Amino acid sequence: MTDTYLTLVNTGVTKALAKKLGLPRPAPLRRYRAGDPVAPGPVLVLHDAASTADADVVAETLVGWDLDVRRHAASADRYGAVVLVLTGATHPDDLSAPVLEAAGTLRGLAPAGRVVTLSRPASDGDAPAVAAARQGVDGLLRSLAKELRGGATGNGIVVADGVGVDAPSAIGALRFFLSSRSAFVDGQLLGVDSAAGALPGDWDAPLAGRVAVVTGAARGIGASIVATLARDGATVVAVDVPAAGEGLARVANSVRGSALQLDITAPDAAERILEHTLARHGRLDVVVHNAGITRDKLLANMKPDRWDSVLAVNIAAQLRMNEALLAAREVRPGVLDDAPRIVSLASTSGIAGNRGQTNYAASKGGVIGMVRATAPLLADGGGTANAVAPGFIETEMTARIPAVTRQVARRLNSLQQGGLPVDVAEAVAFLAAPQAGGVVGRTLRVCGQNMVGA
Ligand code: NAI
């Protein structure tokens with residue numbers, strides 16, 4: 001599962017050779033370690049003429065995180081991040097000054113630096129010039145992300161009209177995108193739909209006191225989600241099939257959580273999860289639907305068992321479980337009643353499609369639709385449902401892809417490498433946290449800005 005190419009182009013003689021030959025040289029990404037600063041250097045905050053007040057709010061927030069904040073670009077300075085506050089733009093002309101000022105700083109952006117835009121969503125009710133300015137930020141951000149090098153990323157926060165840039169989810173998303181927790185999230189625009197949610201008392205333990213269930217937890221992305229939620233303070237129930245019992249016990253023990261052997265397609269899966277979780281931990285706040293399988297075949301060669309098993313595990317089990325949990329929520333105290341979170345694993349295949357994966361993409365597209373429709377059912381208790389759509393992640397699932405296809409798949413994104421399970425786990429942890437309460441029914445891609453898909 002190691003990416004030998006990534007190592008070779010970053011070490012010794014082979015590094016020099018790759019440079020000479022003009023080969024793609026993906027940069028090793030910076031990943032979060034406790035105690036890291038929020039951004040890897042001074043943060044430059046720029047804004048359009050009508051966004052001064054919002055930029056002030058952003059700058060004050062950053063200062064509160066002990067960051068060195070600058071309000072004007074100085075050509076000799078090297079920035080860790082550039083934040084473009086474009087919430088007030090009402091005409092594409094308004095973008096010129098801040099964007100061109102940022103342009104001059106990009107060559108000096110620190111390794112694994114960040115560009116983050118804050119803007120408003122374009123809607124059909126907008127005046128044409130307003131919609132053009134707002135939608136223009138979308139195109140700008142996606143293109144800029146493709147130009148950044150050295151492990152730097154660009155992402156945008158699109159804050160709904162009527163919601164302040166100081167809303168917990170706008171602030172939470174800003175911190176997530178600036179930090180190394182979002183190492184493999186690139187070229188994405190995340191919508192903030194409401195001012196719901198709350199800033200955590202302790203940014204290092206936003207999930208303190210929360211109980212989370214993670215399915216498919218014995219290995220791969222699921223095991224990393226367990227570790228990351230536990231790092232952030234949660235108590236975790238790790239669920240996987242009996243055949244994976246040994247790995248499951250190891251994962252659960254490593255975070256002093258509990259293990260539950262269970263096939264999620266069993267009709268009583270939700271009931272057993274509830275019994276176990278309430279008996280051991282007294283409450284259930286976060287459900288992460290991570291268990292998933294692939295059975296790839298061209299549709300022309302698809303046998304019913306391949307289609308049915310993928311749909312059964314990847315979407316039907318989640319639907320059945322959510323329905324049972326939502327029903328239990330009405331009658332059983334402690335079940336998803338305090339700002340609950342459901343986070344499901346989708347896939348970029350479910351957005352862009354992938355040859356040989358009609359079954360998988362149907363299930364993952366299904367997840368994206370399901371979270372959108374489930375989120376409103378949780379809104380009364382301050383809850384949300386969202387999805388994370390990974391691109392190419394280095395796991396046992398992708399290790400089974402033929403070698404040449406795997407090499408190509410790794411390079412087909414702006415960061416020119418595969419992500420790691422922890423990159424997906426960090427996005428799940430963000431969506432599970434109290435500060436993400438205003439992100440509702442969304443799908444966040446963790447794909448290094450994969451070339452395919454939206
Ligand atoms: P994996 O195959 O390494 O691990 C999946 C885990 O789910 C295994 O431990 C397996 O035993 C468990 N599982 C499968 N069926 C189950 C069932 N019926 N009941 C309970 N547990 C079950 O997979 P990986 O790569 O860690 O993927 C995790 C999730 O991320 C999946 O939903 C997958 O579709 C999704 N994903 C992965 C990508 C990647 O590049 N690896 C890309 C996009 C999405």
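Guide: Let's start with the helices: H7 (220-231), H12 (358-378) and H13 (396-399) each give at least two residues to the shell around the ligand (helices are DSSP runs of H or I, at least four residues, numbered from the N terminus). Bear in mind that this is a predicted model, where local features need pLDDT of at least 70, side-chain atom pairs count only at pLDDT 80 or more, and totals for chains, interfaces and linings use all residues. Residues are numbered from 1 along each chain as its sequence is written, and side-chain values use heavy atoms, with hydrogens and water left out.

There are 27 residues around the ligand, and those that come nearest are Arg219, Asp240, Asn290, Tyr360 and Thr395; a residue counts as near if one of its heavy atoms lies within 4 Å of the molecule. Sorted by class, that shell holds 15 nonpolar, 8 polar and 4 charged residues (Ala, Val, Leu, Ile, Met, Phe, Trp, Tyr, Cys and Pro are nonpolar, Asp, Glu, Lys and Arg charged, and the others, Gly among them, polar).

Now for the polar contacts, meaning pairs of N or O atoms within 3.5 Å. The side chain of Tyr360 has an N or O atom 2.6 Å from a ligand oxygen. For Lys364, a polar side-chain atom sits 2.9 Å from an oxygen of the ligand. As for cover, the ligand taken alone exposes 830 Å², and the protein buries 93% of that (Shrake-Rupley areas with a 1.4 Å probe).

Terms used: Polar contact = N/O pair within 3.5 Å; in protein donor to acceptor, adjacent residues only side chain to side chain.
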